[in-house]
Amino acid sequence: MPTITLYGIPNCDTVKRARAWLEARDVGYTFHDFKKQGVPPDSLAGWVAAVGWETLVNRKGTTWRQLDPAVRESVVDAASAQRALREHPSLVKRPVVEWPGGLTVGFDEAVFSARLPH
């Protein structure tokens, strides 16, 4: 099976659920830890192109709420969002999953099931 890469933070509950779901189905994947490895700049532009910067920026999380208001207000387009996501990896909505032929953000069992070969 082609490689699946799951990007996230190990202690994130949504990432834990996604990883457990994949492991329960014996789906192999590579885990990229944002805390240790950062947000891959080469991938980030592609993610923004694929799903839009609004989808990638987690405005409901603690990291967003703790940002300086001036930083929050500066996130207004793809370029400013990418800058903020590189500087604050915890702002990325998780998990980001690169599947063969596509990308998903967040965890939804139905969406993950549809991505697996049948």
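This is a quick walk through a few spots in one structure, and please keep in mind that the model is predicted.

Okay, let's start with N58. You'll find N58 in the loop that runs between α4, residues 53-56, and α5, residues 62-66. So what does the side chain of N58 reach? Another is the backbone nitrogen of G61, which sits 3.2 Å from a polar atom of the N58 side chain. And if we leave out residues up to four places away in sequence, N58 touches W64, L91, V92 and K93.

Next, have a look at P95. This one is in the loop between α7, residues 78-87, and β3, residues 96-99. The peptide bond going from R94 into P95 is cis, and its omega is near -15°.

While we're on loops, here's D26, in the one between α1, residues 13-24, and β2, residues 30-33. D26 isn't a glycine, yet its phi is positive, near 55°. Is D26 buried or exposed? It's exposed: the relative accessible area of D26 is 73%, and the cut-off for exposed is over 50%.

Last stop, helix α7. Which residues of α7 are buried? They are S80, A81, Q82, A84 and L85. As for what covers them, the list includes α3, residues 41-51, along with α4 and α6, residues 69-74. A handy thing to remember when you look at a helix: an α-helix has 3.6 residues a turn, so residues three or four places apart point the same way.

Technical notes:
Residues numbered from 1 in each chain as written. Predicted model: local features only at pLDDT ≥ 70, side-chain atom pairs only at ≥ 80, totals over all residues. Heavy atoms only, no water. Helix = DSSP H or I, 4+ residues; strand = E, 2+ residues; numbered from the N terminus. Polar contact = N/O pair within 3.5 Å; in protein donor to acceptor, adjacent residues only side chain to side chain. Contact = heavy atoms within 4.5 Å. Buried < 20%, exposed > 50% of the residue type's maximum accessible area, 1.4 Å probe, protein only.
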